[in-house]
Amino acid sequence: MGRVQAAVKNIAFGQIGNFITQILNFVLRTMFIHHLGDTLNGVNGLYTNMLSVLSMAELGIGTALNYSLYKPVARGDVEKVKSYMQLYKKAYRIIGIVIAVLGLACAPFLPYLIKSAEGIAVRDLTLYYFIFLFNTVSTYFVSYKYSLINAEQKNYIQTNIITITKMITVLLQMIVIVTTGNFYAYLLTAAGVELLQKIFVSYYLNHRYPYLKEKEVKKLSKEETGEIVTKTKALMLHKIGDVARLQTDSMIISGFISTTISGFVDNYNMVLNSVANVVNIIFNSVLSSFGNLFATESRQKQYQIFKVYRFAACWIYGFSAMGFSMLLTPLIQLWLGEERTLAFSVVICILIDYYFKGDRIVLSNFKTAAGVFEQDKYLALIQGAVNLVLSIVLVQRVGLVGIYIGTIVSGLIANVTKPIIIYKVILDQPVQEYFKDSAKYIVLLCVLFAALSAIKLAVMPSVTVLSFGVMFVIICVVFNGVFWLLFRKTEEFLYLQNLVTAKIKR
């Protein structure tokens, strides 16, 4: 299967799986809030983010080993694959134990991280947390096996397993919420289903790749192990910085404002992520294909594909950010009520970061697939420090919006530095074109925002299902129509058009 065909298959299954799980998540979240309340909703979101912070113990080992697998998989070198997978297995077992120990050590500090959680005893907060911790730790004893199917560009296998598991979990949790209204039962249901999934995955992948069970495995050479260690050290710094920048907002909100407000923000993030996941599947599904691209193609070809990849990202992330700026709060009003909405200034800050985060996904994926980790290994630490300092200082002065100002500023550091590294180290091209394109896209988005805001005043004087639907259609037509008119003759657009046309003909 070629790179394009593999990417298309991964995207197709990814989108189907995402659509199913997002619909189920919306129904589940609605039932959760009405039966269990906003405070437990905030606790649920907070613990999810806390465990993401603890997962930084993985420290980039998975990314470094995934990169190392691309070449032996492409060459069909089974012995080398066995050697890498054996190392991966040992590393992830150690990581699982480390996360368990760190997680237990954090338990006594939970009361200081949760503000205004009325009606929930500290004992219950601790036991809830232990269930979350078990789910996270147990994942590390199985998840390493997914790296092999991803290196083979068969991400859809993992997607399908996760989708089926999610469907079963959510349906059972809905029944539990309605029949018991008990948060313990809700959490234990998910833990039980996911444990069964991990057992199944272990047996299934052992059957698919029987050589993973073989005892005779050659050790990697010192050079190969050294390369992984070098990349892991660089990725470790990336991981710590990323966690400090991306996974701490809910903890700051819960600690300085309230757990309930953290739950309101989590509602917005759920809607945002439901669309972001659709977009991210497209851009993340080509990561393994990029690994193959760097292993087999010329630098000129890599540059051509990067330009197409970046153009598609600016269009799609720009369109989704524009739609959210007009319709995200109205959707929350229609779904959960006016009392659970956030200030417009907060929403705009969240969406500014969302757009630039899309740009960073493009840059990070391309750089990761190329195995370039050393050059900016301290950058993420700087970003994390900037985010924590600004967010904590500003939340005490201007409230919730201050947290997202810190997030935006820290993120933009990468939007400036990563292109310079990619163009110099990977593509050997002048970076000025990248920043010219960035300015062009930003100006266009500002113009479209002003125009669509004026239209919204006329079309949506009040929020109704009808006015929401009309405004949605207008955004789709105006935004995409303008982009098509301006860029339809560019090399990047024509490449995408030919790609889509060829797939339709097939």
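I99 is buried, at a relative accessible area of 0% (buried is under 20% relative accessible area, exposed over 50%, and partly exposed in between, with a 1.4 Å probe and protein chains only). The structure is a predicted model, in which local features need pLDDT of at least 70 and side-chain atom pairs count only at pLDDT 80 or more, while totals for chains, interfaces and linings use all residues. Residues are numbered from 1 along each chain as its sequence is written, and side-chain values use heavy atoms, with hydrogens and water left out.

**Overall composition**

- The protein contains 20 helices and zero strands; helices (H or I, at least four residues) and strands (E, at least two) are DSSP runs, numbered from the N terminus.
- Of the 506 residues in the protein, 52% are buried.
- Among contacts with a separation of 6 or more, 83% involve residues 24 or more positions apart; contact means heavy atoms within 4.5 Å.

**Helix 17 and its partners**

- Two packed helices are described by the angle between their axes and the distance between the axes.
- Helix 15 (residues 344-369) packs against helix 17 (residues 400-427) at an angle of about 20°, and their axes are 9 Å apart; axes are lines fitted to C-alpha atoms, for helices over the stretch in contact, and angles run from 0 to 180 degrees between N-to-C directions.
- Helix 15 and helix 17 are therefore roughly parallel, given that angles under 35 degrees count as roughly parallel, over 145 as roughly antiparallel, 65 to 115 as roughly perpendicular and the rest as oblique.
- Helix 15 and helix 17 cross in a left-handed sense; a crossing is left-handed if the near helix is turned anticlockwise from the far one by less than a right angle, and right-handed if clockwise.
- The contact of helix 15 with helix 17 comprises 19 nonpolar, five polar and five charged residues, where Ala, Val, Leu, Ile, Met, Phe, Trp, Tyr, Cys and Pro count as nonpolar, Asp, Glu, Lys and Arg as charged, and the others, Gly among them, as polar.
- Helix 14 (residues 299-336) and helix 17 cross at roughly 155°, with axes that come within 11 Å, and the two helices are therefore roughly antiparallel.
- On the helix 14 side, R299, Q302, Y303 and F306 meet I422, Y423, V425, I426 and L427 of helix 17.
- The residues of the contact of helix 14 with helix 17 are seven nonpolar, one polar and one charged.

**Helix 11 and helix 16**

- Helix 11 (residues 249-256) and helix 16 (residues 379-398) pack at about 30°, with axes 11 Å apart, which makes the two helices roughly parallel.
- The crossing of helix 11 and helix 16 is right-handed.
- D249, I252 and F256 of helix 11 make the contact with N387, L388, S391, I392, V395 and Q396 of helix 16.
- That contact has five nonpolar, three polar and one charged residues.
- Six of the eight residues of helix 11 are buried, so the helix is largely enclosed by the rest of the structure; the buried residues are D249, S250, M251, I252, I253 and S254.

**Buried residues within helices**

- I99 belongs to helix 4 (residues 78-106), and its C-alpha atom is separated by 8.3 Å from that of T136, 37 residues apart along the chain.
- N41, in helix 2 (residues 38-54), counts as buried at 0% relative accessibility.
- Leaving aside neighbours within four places in sequence, N41 is in contact with R29, F32, I33, G263, D266 and N267.
- M471 lies in helix 19 and is buried, with a relative accessible area of 0%.
- Beyond its neighbours within four places in sequence, M471 contacts L327, L452, I455, K456, V459 and M460; M471 and V459 are twelve residues apart in sequence and 6.7 Å apart in space, C-alpha to C-alpha.

**Loop residues**

- T490 is found in the loop between helix 19 (465-487) and helix 20 (491-505) and is partly exposed, with a relative accessible area of 23%.
- A polar atom of the T490 side chain lies 2.8 Å from the backbone oxygen of F487.
- T490 and F311 are 179 residues apart in sequence, and their C-alpha atoms are 10.0 Å apart in space.
- D428 occupies the loop between helix 17 and helix 18 (432-459) and is exposed, with a relative accessible area of 54%.
- Most residues other than glycine have a negative phi; phi of D428 is near 55°, a positive value in a residue other than glycine.

Notes. Polar contact = N/O pair within 3.5 Å; in protein donor to acceptor, adjacent residues only side chain to side chain.
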